[in-house]
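Visitor: Hi! Could you walk me through this one while I have it open?
Guide: Happy to, go ahead and ask.

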Amino acid sequence: MSNFIQGLLRLKRGPWGLVATILIALGVFMLMQPFVMWGFTYSFITTLIGTVMFIIVSHFPE
Amino acid sequence: MGHLTTGKLCQMTETPLTRAANATPPSVARKIKGLSDRAIAWIFVGPTIFLLLAINIFPLIWTINLSFTNFRANRPNREVEYVGLRNYERILTDTDIWLNMQATAHFLFWTIVLQVLIGFTLAYLINKKFKGNDLWTTIIVLPMMLSPAVVGNFWKFLYQPQIGLFNYIVAFFTGKDPSSFEMLGQVNLAPWSIVIVDTWMWTPFVMLICLAGLRSIPDYIYEAAEIDRASKWRQFWTITVPMVMPFLMLAVLFRGIENFKMFDLVVQLTGGGPGSTTELTSINLKREAFEKWRTGYASAYAIILFVTVFGLASIYVKALNKVKER
């Protein structure tokens, strides 16, 4: 866990990529889930942030 | 005579490169000689980049721009107003679109699960050497070669409650009356009817990709496992599955993206009905864009779908690279 936080602080690709991936997956799940309407409403912004983050962090050092 | 012989000799030793150089008009050749390698590379790549910009990038930027307006393509002379994020807000608070997304999720999830399971099983069986192996491969692959419009139409007949073969087969196994249920007309059955047809049509595709994966595993790995007395079950889980995994993931990526934008097959089968139970997002998007002519709204809708597919594809490519590295 501390390695993960260290990686985030040092702007490493691995942990930031993981955060972006989780955001995208969460966004897609929120978009298609049948449980709560607010999940659907905020799904796009979650996916968008995740996708943009994914593109940016793929240029971070390993 | 001597001249002719020399000419023939020259022709014999001519390579495609020298032939191309000789065919270049002298005026063009003079101009090219003065260019750097980088400039020549740009001349070759330029048309492709131009086409990419004109066909992909420009429409994407234009769609993003339209998504913030109230533009209607059937009223080109009307003044276009910028409405900010209102289109996005309306889409993301619309319960009907939420239901369409759920219908798409149901279709996507079940088609991928069934196609991967059946496709992999078929590939595993076909990979075993037996008599008539090639014939069976050809027969299994046939549905994939048909047009979705044709498939949609003939499955419509197969699903007919009075004359449809599908209903009679189900009736044979369950003992129900064939005309007591309607696959395309009942709210609870219609989503499954499109899943069945898509699975029937596209399982061969997954099977072919899995077969390529299975055939790429060298025999010596299994032989080494046999020497180590590994059971068939263990060989399957520690050799076959990990080595086929990149291929399987590729198949899931292709089918996932294709099914997310599924249109033709479902339009032919159910037209989105009954009600809107099988109205997938692409069908709804088409209705908004070309039946209701709400171009700005439809553009925002398309951008939402695009970001979703793009995000998913990014994760997927990353996962694929990780699997390949192992």
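Visitor: How many residues does the contact take from chain A and from chain B?
Guide: In this predicted model, the contact takes 17 residues from chain A and 17 residues from chain B.

Visitor: Which helices of chain A supply at least two residues of the side that touches chain B?
Guide: Those are helix 2 (13-32), helix 3 (37-41) and helix 4 (43-57). Helix 2 gives the most, with seven residues.

Visitor: And how do the residues on that side of chain A divide?
Guide: There are 11 nonpolar, six polar and no charged residues on the side of chain A that touches chain B.

Visitor: Switching topic: which residues have the most contacts inside the largest nonpolar core?
Guide: That core has 33 residues, and the ones with the most contacts inside it include B:Phe107, B:Val197, B:Met207 and B:Leu269. Helix 10 (190-215) of chain B is among the elements giving it two or more residues, and the largest share, 12 residues, comes from helix 10.

Visitor: What does B:Leu269 touch?
Guide: Leaving out residues up to four places away in sequence, its partners include B:Trp155, B:Leu184, B:Ile194 and B:Val197.

Visitor: What does the second core include?
Guide: The second, separate core has 26 residues, including A:Ala20, B:Ile91, B:Leu285 and B:Tyr297.

Visitor: Back to chain A: how many helices and strands?
Guide: Four helices and zero strands.

Visitor: What is the radius of gyration of chain A?
Guide: Chain A has 13 Å, while a compact globule of 62 residues would have one near 11 Å. The C-alpha trace of chain A spans about 35 × 25 × 10 Å along its principal axes, and 27% of the 62 residues count as buried.

Terms used
Residues numbered from 1 in each chain as written. Chains lettered and ligands numbered in written order. Predicted model: local features only at pLDDT ≥ 70, side-chain atom pairs only at ≥ 80, totals over all residues. Contact = placed C-beta atoms within 7 Å. Nonpolar A, V, L, I, M, F, W, Y, C, P; charged D, E, K, R; others polar. Core = buried A, V, L, I, M, F, W, Y, C linked by C-beta atoms within 7 Å. Buried ≥ 20, exposed ≤ 12 C-beta atoms within 10 Å, placed from the backbone. Rg over C-alpha atoms; globule rule 2.2 N^0.38 Å.
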